[in-house]
There are 2 protein chains.
Amino acid sequence: MQINFLLYDRMTALDVVGPYEVLSRLPGASVLFVAAEPGPVRADTGSLALMADASLEDAPPADIVLVPGGYAPPLIDRRVLDWVRAADTRSTWTTSVCTGSLVLAAAGLLEGRRATTHWLAMDRLAPSGAVPTPSRVVIDGKYATAAGVSAGIDLALTLTERLAGAEFAQTVQLALEYDPQPPFAAGSPGTAPAAAVAFLEANRAMVMAG
Amino acid sequence: MQINFLLYDRMTALDVVGPYEVLSRLPGASVLFVAAEPGPVRADTGSLALMADASLEDAPPADIVLVPGGYAPPLIDRRVLDWVRAADTRSTWTTSVCTGSLVLAAAGLLEGRRATTHWLAMDRLAPSGAVPTPSRVVIDGKYATAAGVSAGIDLALTLTERLAGAEFAQTVQLALEYDPQPPFAAGSPGTAPAAAVAFLEANRAMVMAG
């Protein structure tokens with residue numbers, strides 16, 4: 001099973017590495033990191049780079065394609081959007097984390113589909129024809145989208161169950177000791193202190209462009 | 001505030017990237033990825049490499065040092081252990097995720113200290129003089145250790161609270177939409193199906209060497 005992760009400048013690293021850590025454990029998984037050019041691709045903080053091992057053109061067709069979110073996702077980059085569309089014609093699952101769903105939408109893949117994204121970007125899904133659905137993981141046909149950043153781990157475990165069964169998914173979850181104990185109930189706008197929600201709404205540009 | 005992440009061959013990528021995604025948001029954070037040699041460092045699956053931007057010798061002193069776990073942590077690599085010991089003399093927090101605590105222990109830093117690690121490696125802490133403490137995050141003095149892989153996110157939020165206050169930590173948690181909803185209650189040996197626990201105990205070599 002071929003799994004291709006798209007990398008691009010100023011992506012959010014955990015959007016990629018969370019799902020990778022789960023999906024790379026699937027039986028027969030062959031994982032490839034793909035970008036405009038092979039080589040290091042810097043994340044949004046500037047301090048971490050992940051290596052792309054293939055260019056868009058050199059990547060083999062994939063069963064699972066994952067597009068991460070980032071500070072400024074490639075919403076008008078024709079080469080990336082063409083690649084996403086072409087990859088989608090061969091995929092079993094086309095997936096995204098965080099604002100990666102805006103890339104799927106910009107490629108025209110989410111027309112009439114329920115989809116999620118980072119809570120701060122939810123208002124950007126509808127103009128593309130997607131149906132904004134504020135759940136942590138949303139599956140509509142072969143399109144699986146996750147909410148912000150850390151939600152990619154839950155997405156990947158959900159896909160793992162579909163692809164390899166519940167027992168296998170549980171074993172991966174245990175291997176990664178994914179028994180989350182966040183110190184606060186602050187992970188969603190519905191549970192976080194109002195001050196945290198207001199701060200990020202007023203400073204959205206700290207998290208994402210545009 | 002300088003934060004140095006140690007990278008090494010066959011590390012577990014999420015051990016690094018989970019805490020990085022949180023700690024890199026600290027006010028004034030300067031984040032550096034450090035390895036024996038600068039350049040790409042392959043994770044345990046072989047398919048992902050993170051870039052090290054400095055060698056051990058070239059890394060500046062850090063306020064926070066983080067050692068990730070991996071398939072075969074550098075427990076007898078004198079150069080790495082010397083670096084960890086030297087880094088510890090300057091740090092405010094010396095931290096680890098997963099079997100990274102075995103590296104801290106091998107460097108002699110956890111003598112008489114409570115510490116945690118991946119549940120499958122808990123029996124390896126005591127011989128070094130550490131006091132195995134099967135909690136998700138364990139803090140003893142300036143030593144903060146996390147359980148397996150995904151526990152690094154909880155560790156980092158805990159440190160963020162200590163360093164920048166609860167309100168700031170909650171804002172970071174919300175920015176990362178860390179509102180985990182694992183599809184199963186399978187993330188710890190106490191909650192996972194017995195078959196998953198037994199499988200990993202019988203196949204520990206799939207997860208870690210030795």
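The model is predicted, so local features need pLDDT of at least 70 and side-chain atom pairs count only at pLDDT 80 or more, while totals for chains, interfaces and linings use all residues. Residues are numbered from 1 along each chain as its sequence is written, chains are lettered from A and ligands numbered from 1 in the order in which they are written, and side-chain values use heavy atoms, without hydrogens and water.

I begin with helix α2 of chain B, residues 78-90. Helices are DSSP runs of H or I of at least four residues, and strands are runs of E of at least two, numbered from the N terminus. The 13 residues of α2(B) reach 19 Å from first C-alpha to last, close to the 18 Å expected at 1.5 Å a residue; that expected span is 1.5 Å times one less than the number of residues.

Which residues of α2(B) are buried? They are V80(B), L81(B), W83(B), V84(B), A87(B) and D88(B), where buried means under 20% relative accessible area, exposed over 50% and partly exposed in between, with a 1.4 Å probe and protein chains only. The face turned away from them carries the exposed residues R78(B), T89(B) and R90(B).

Turning to strand β7 of chain B, we find T94(B) there. At 1% relative accessibility, T94(B) counts as buried. Beyond its neighbours within four places in sequence, T94(B) has contacts (heavy atoms within 4.5 Å) that include D88(B), L104(B) and Y143(B).

Finally, an unreviewed UniProt entry lists residues 2-161 of chain A as "domain: DJ-1/PfpI"; annotations of this kind may be inferred rather than shown by experiment.
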